[in-house]
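Colleague: Hi! Could you walk me through this one?
Modeller: Happy to, here it comes.

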Amino acid sequence: MEEEALFALSNGLYVLGAQDKDRYVGSLVDAVSQVAIGPNMIILSCMNSSYTKQTIESTGVFSLSVLSKTVDPIVIANFGFQSSRDVNKWDNVVKEIKDDLPYLQTAMAKIRARVVNKQVFPNNTLFIAEVEDAFELKKGEEPLTYHDYRNGFKEKVIMAFQASKSEEQTAKAETVAAKNETHEQKWVCTVCGYVYDGDVPFEDLPADWVCPLCGVGKELFELRDA
Ligand SMILES: Cc1cc2nc3c(=O)[nH]c(=O)nc-3n(C[C@H](O)[C@H](O)[C@H](O)COP(=O)(O)O)c2cc1C
């Protein structure tokens, strides 16, 4: 099967939001589709490893902020390259709260949906949800697509992420170097959590090697305590 052919399906990019116990959590998603009208039904697919997915399972509601082509790349990195387990992502963006759910102020449209059913697959959970509210459409703006992301935008996102993390990484590298003498460490994908355990040392893998689980490059791996 030519899995690349599936990239021809048109998806947008969205910031998914949900309310955790005492804070808001969120994630970057592309797997959203409207599948019915009257009532308006959408399907959202979340990776089973996603913290936001767990939260939606508890609360039954979520928000979607539709990203436009003018979105700051760091927004995508903030929500897509790190987990709410480690970071309060909504503290890093300008947000608006409506009916206890968070939205990006700069979104080109905002949608609130309530889960009515779900289907669990080995790697993903599909939520079937009814749209309860859809508002603040910014006419004249164009949605950013997954196709845009794969054709140039991803590099901008990676560069923005690396710039924002460079100071943090330098400090971490020093700590890692110190710790290396005493602790075993593994290279871990910061996007999906995949732990590299191959025979070839991670440093010697080719520059175009990608995470077998989510497809991001080596630059999005970091050393973590095993
Ligand atoms: C371009 C892009 C598209 C993504 N699409 C999805 C998606 O449709 N569903 C999903 O669960 N994760 C998707 N992800 C991955 C999540 O955004 C990522 O795993 C995030 O760290 C999860 O955060 P959380 O643990 O706070 O929920 C995507 C990431 C990127 C960069």
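Colleague: Which residue puts a backbone N or O atom 3.0 Å from an oxygen atom of the ligand?
Modeller: That is Ala 31. This is a polar contact, a pair of N or O atoms within 3.5 Å; within protein, one must be able to donate a hydrogen and the other to accept it, and residues adjacent in sequence count only if both atoms are side-chain atoms.

Colleague: And how far is the ligand from Thr 52 and Gln 82?

Modeller: A polar side-chain atom of Thr 52 lies 2.7 Å from a ligand oxygen. For Gln 82, a polar backbone atom is 2.9 Å from an oxygen atom of the ligand. The protein covers 93% of the 650 Å² of accessible area that the ligand has on its own. Accessible areas come from the Shrake-Rupley method with a 1.4 Å probe; for residues, only the protein chains shown count as cover.

Colleague: Before we go on, what should I know about the model?
Modeller: It is a predicted model, where local features need pLDDT of at least 70, side-chain atom pairs count only at pLDDT 80 or more, and totals for chains, interfaces and linings use all residues. Residues are numbered from 1 along each chain as its sequence is written, and side-chain values use heavy atoms, with hydrogens and water left out.

Colleague: Thanks! How many residues surround the ligand?
Modeller: There are 23, and the closest are Asp 30, Met 47, Ser 50, Ser 83 and Ser 84.

Colleague: Let's switch to H1. Which of its residues are buried?
Modeller: They are Tyr 51, Thr 52, Lys 53, Thr 55 and Ile 56. Buried means under 20% relative accessible area, exposed over 50%, and partly exposed in between (1.4 Å probe, protein chains only). Their cover includes strands E1, E2, E4, E5, E8 and E9.

Colleague: What happens at the two ends of H1?
Modeller: At the start, a side-chain oxygen of Ser 50 reaches to within 3.2 Å of the backbone nitrogen of Thr 52. After H1 comes Gly 60, whose phi is positive, near 80 degrees.

Colleague: What about Asn 78, buried or exposed?
Modeller: Asn 78 has 5% relative accessibility, so it counts as buried. Asn 78 sits in helix H2. Leaving aside neighbours within four places in sequence, Asn 78 is in contact (heavy atoms within 4.5 Å) with Lys 89, Asn 92 and Val 93.

Colleague: New topic: how many salt bridges are there?
Modeller: A search of the whole structure finds 13. A salt bridge is a side-chain nitrogen of Lys or Arg within 4 Å of a carboxyl oxygen of Asp or Glu. One of them pairs Arg 114 with Glu 132, with the closest N and O atoms 2.6 Å apart.

Colleague: Where do those two residues lie?
Modeller: Arg 114 is in strand E8 and Glu 132 in strand E9, so the pair ties together parts that are 18 residues apart in sequence. Arg 114 is partly exposed at 37% relative accessibility, and Glu 132 is partly exposed at 39%.

Colleague: What does Glu 222 form a salt bridge with?
Modeller: With Arg 224, the closest N and O atoms being 2.9 Å apart. Glu 222 counts as buried at 13% relative accessibility, whereas Arg 224 is partly exposed at 30%.

Conventions. Near = heavy atom within 4 Å. Helix = DSSP H or I, 4+ residues; strand = E, 2+ residues; numbered from the N terminus.
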